Amino acid sequence: MNCKPGDIAVIVGGDVPENLGGLLSVLRPATPGRWVCMSLQCLFMAYEDGTSQRYRVGEEVHCADRNLRPLRDGPGEDETLQWCPLPIKELA
């Protein structure tokens, strides 16, 4: 799992390109591999039956963990570190 409850996460995948880069607050597990999140901006969700729904700020949405990346403080590992090392402070 990428996220945990309490994380702010950015949407990095899914069926609605307009949502890419959108922010969510991760609340609790929904089902294995999915989270109940609170939308931090207006989002559009597409469903397997072909329907879609607009969510306003503060509404609960369900999102697959694979489509989210947490934003966390600290020097933790993220995808950027796979191609760019941590910066090193130069001595003056």
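Author: Leaving aside neighbours within four places in sequence, Asp65 is in contact (heavy atoms within 4.5 Å) with Met1, Asn2, Cys3, Gly33, Arg34 and Trp35. This is a predicted model in which local features need pLDDT of at least 70 and side-chain atom pairs count only at pLDDT 80 or more, while totals for chains, interfaces and linings use all residues. Residues are numbered from 1 along each chain as its sequence is written, and side-chain values use heavy atoms, with hydrogens and water left out.

Reader: Which polar contact joins the side chain of Asp65 to another side chain?

Author: A polar contact is a pair of N or O atoms within 3.5 Å; within protein, one must be able to donate a hydrogen and the other to accept it, and residues adjacent in sequence count only if both atoms are side-chain atoms. Here, the side chains of Asp65 and Trp35 are joined by such a contact of 2.8 Å, and a polar atom of the Asp65 side chain also lies 3.1 Å from the backbone nitrogen of Cys3.

Reader: Does Asp65 count as buried or exposed, and why?

Author: Buried means under 20% relative accessible area, exposed over 50%, and partly exposed in between, with a 1.4 Å probe and protein chains only. Asp65 counts as buried because its relative accessibility is 6%, and Ser25 counts as buried because its value is 13%, whereas Leu40 counts as partly exposed because its value is 35%.

Reader: Which residues does Ser25 touch, not counting those up to four places away in sequence?

Author: By that contact criterion, Ser25 touches Asp7, Ile8, Val36, Cys37, Met38 and Leu40.
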